Amino acid sequence: MAKIALVTGANKGIGLETARQLAKGGIHVILAARDGAKGTAAAQKLKGEELDVEALTLDVSDPVSIAAAVKQVGAKHGRLDILINNAGIGIDEHAKKVSEQTMETWRKTFDTNVFGLIAVTQAFLPLLAKSEAGRIVNLTSILGSLTLHADPKSPIYNYKVPAYNVSKTAVNAWTLQLAYELRDSKMKVNAVHPGHVKTDMGGVAAPMEVVDGAKTGVAMALIGADGPNGSYTHLGRTLPW
Ligand code: NAP
């Protein structure tokens, strides 16, 4: 029986490529997108590559949408083996100082990147618990590392994009909290930094191709019982919290 994975924000970028790589590995992938038409178009594209995928409408910042998505997956599949929390936004205004980002920016960023991720995870946990080995992968960023932000010599020291960065620090913290709850279960949760990837978010000048940007999350989705729980990694290397 094929494993079933759900990827949020799967209509483009790292999410779409993650869906492609998981499906290439023989997994049935549910491409979740907040815009149903974009999700369907992305699924059509992968179906054209002979991959076993389906589309699902899911806005991670909308509790009604989350509940409907869980109901649909439950009715159709009865379980979920892999949840990739990939959907994310970065809306800080680069022309503004750290102290000048608006509260609207902070709230919107947290609604999607943090509260949306937690709400989706909470809602799908009962279906993940029905899996032989439920796996949750949270797309975070190296920009969420407090250790590196505090070190003037670190490569990210000057990347102070506060609402985005702090939202990813919160994702890291939540990953550890949930990992504690799951420690004696069949489920595992891990945080991954994809790299600086050429996507709409990462920009055209980013050094990594999207095919490589999906690799860390895909690998973490496929870990066995001996794999980590509560880790923060990039391409197999542990990052400092
Ligand atoms: P992207 O190309 O901008 O794609 C983001 C995806 O998230 C899109 O599908 C977008 O949907 C979706 N999304 C945004 N808000 C949503 C919501 N409320 N509900 C459902 N979906 C929503 O970004 P990316 O570069 O692929 O990033 C994917 C993840 O990797 C993000 O969590 C990001 O923070 C993380 N990351 C990226 C980089 C990088 O260099 N690219 C580096 C570190 C971490 P729409 O198309 O409808 O907007």
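Which residue in S5 is the bridge partner of Ile 82? In this predicted model, local features need pLDDT of at least 70 and side-chain atom pairs count only at pLDDT 80 or more, while totals for chains, interfaces and linings use all residues. Residues are numbered from 1 along each chain as its sequence is written, and side-chain values use heavy atoms, with hydrogens and water left out.

The partner turns out to be Arg 135. Strand S4 (residues 82–85) and strand S5 (residues 135–139) run parallel, joined by four bridges; strands pair if DSSP finds at least two bridges between them. Helices (H or I, at least four residues) and strands (E, at least two) are DSSP runs, numbered from the N terminus.

Stepping back to the whole sheet, it is open, has eight strands with mixed pairing, and is ordered S3-S2-S1-S4-S5-S6-S7-S8. Its edges are S3 (53–57) and S8 (237–238), each of which pairs on one side only.

As for the helices, H2 (residues 36–47) lies across S2 (28–33) and S3, at about 175° to S3. Angles run from 0 to 180 degrees between N-to-C directions, with axes as lines fitted to C-alpha atoms, for helices over the stretch in contact. Contact here means heavy atoms within 4.5 Å. H3 (residues 63–77) also packs on the sheet, touching S1 (4–7), S2 and S3, and its direction makes about 150° with that of S3.

Then there is Arg 20, found in helix H1 (residues 13–24). Arg 20 counts as buried because its relative accessibility is 14%, the cut-off being under 20% relative accessible area (1.4 Å probe, protein chains only). Beyond its neighbours within four places in sequence, Arg 20 is in contact with Lys 45, Leu 46, Glu 49 and Leu 51.

Methods:
Buried < 20%, exposed > 50% of the residue type's maximum accessible area, 1.4 Å probe, protein only.
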